[in-house]
Amino acid sequence: MSSDSTPGILPLPETPWDALGPGIREPVLIDDKTFLIERPSESDQLLDHPFVTSAFARDEYLPYWADLWPASRMLAKAIVRETWAPGLEALEIGCGLGLPGIAALSKGLRVIFSDYDATALRFAASNARLNGFENFTTLQMDWRSPPAELQVPVLLASDLIYELRNVEPIVKLIKQLLQPDGLCLLTDQDRVPALALREGLADAGLAFTAHVARAGEPGGRRVKGSLYRVTHRR
């Protein structure tokens, strides 16, 4: 996966394999479906790697993709419960390990996994194949500067509003990439910037509804959040 080398633009990151440590494969139960997800087993150790400290100094980037966050489980649950027209194309923004995109593949959608980090895309693609799916592509993308020509009928996003500075570019991204009659499903763990997200969607002329969402590991803690269904205002 090549990085953007345009003068004046920061190259997109590619977390080195030697920073990841040992991996773990675990089953993830979403309603009546079980997906296998491989991930780094000691993601917290990534923060001490020289690549990560350098990437943070350059662009405040941290490889959050290496964890399976509760909001991704919330989104996967929403996806498997949705009724989809066959063959729709879905773009997962900040796909990380790829669970929501894999859930979409299981429902017959064609998926574009996108992430800022090339190594995350390798995990998402590997996890999709691990679950028997091939109907996908990958796209390394900075959500602050998406491809100008890209538009899709379905956008999928989970736990992207973890910092206030992310709200404006995410709202702009949704407005730009979502087709006029498209649907964006976005889940959030009700983090502090959630109010700014709602205000930003409304100010951008996007319609949305918010629903309570919950997810957690079997036998473990459960997390409450919100599922946003976002469309262009009619």
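Buried, in what follows, means under 20% relative accessible area and exposed means over 50%, with partly exposed in between, as computed with a 1.4 Å probe on protein chains only. The structure is a predicted model, in which local features need pLDDT of at least 70 and side-chain atom pairs count only at pLDDT 80 or more, while totals for chains, interfaces and linings use all residues. Residues are numbered from 1 along each chain as its sequence is written, and side-chain values use heavy atoms, with hydrogens and water left out. Helices (H or I, at least four residues) and strands (E, at least two) are DSSP runs, numbered from the N terminus.

A search of the whole structure finds 11 salt bridges, a salt bridge being a side-chain nitrogen of Lys or Arg within 4 Å of a carboxyl oxygen of Asp or Glu. In one of them, Glu-14 pairs with Arg-122, with 2.6 Å between the closest N and O atoms. Because Glu-14 lies in the segment before β1 and Arg-122 in helix α4 (residues 118-130), this pair ties together parts that are 108 residues apart in sequence. Both partners are partly exposed, Glu-14 with a relative accessible area of 32% and Arg-122 at 31%.

A further salt bridge joins Arg-81 to Asp-31, the closest N and O atoms being 2.7 Å apart. Here helix α2 (residues 70-81), which holds Arg-81, is linked to the loop between β1 and β2, which holds Asp-31, across 50 residues. Arg-81 is exposed, at 58% relative accessible area, whereas Asp-31 counts as partly exposed at 34%. The loop between β1 (23-30) and β2 (33-40) also contains Asp-32, which is exposed with a relative accessible area of 72%; the C-alpha atoms of Asp-32 and Val-80 are separated by 9.2 Å, although these residues are 48 residues apart along the chain.

Arg-229 forms a salt bridge with Glu-82, in which the closest N and O atoms are 2.8 Å apart. This pair links strand β9, the site of Arg-229, with the loop between α2 and β3 (89-93), the site of Glu-82, 147 residues apart. Arg-229 is partly exposed at 27% relative accessibility, and Glu-82 is buried, with a relative accessible area of 17%.

Turning to the interior, a nonpolar core is a set of buried Ala, Val, Leu, Ile, Met, Phe, Trp, Tyr and Cys residues joined through side-chain atoms within 4.5 Å. The largest such core has 44 residues, of which Ile-79, Leu-99, Phe-113, Leu-156 and Leu-185 touch the most other members. Apart from it lies another core, of 27 residues, among them Val-167, Cys-184, Leu-197 and Val-230.

Leu-197 is also one of the buried residues of helix α6 (residues 194-203), together with Ala-194, Gly-200 and Leu-201. Seen down the axis of α6, these buried residues fall within an arc of 120 degrees, so they line one face of the helix, the arc being that of the directions from the helix axis to the C-beta atoms. An α-helix has 3.6 residues a turn, so residues three or four places apart point the same way. The buried residues of α6 pack against α5 (167-177), β7 (178-188), β8 (206-216) and β9 (222-232), where contact means heavy atoms within 4.5 Å. The face turned away from the buried side of α6 carries the exposed residues Leu-195 and Asp-203.
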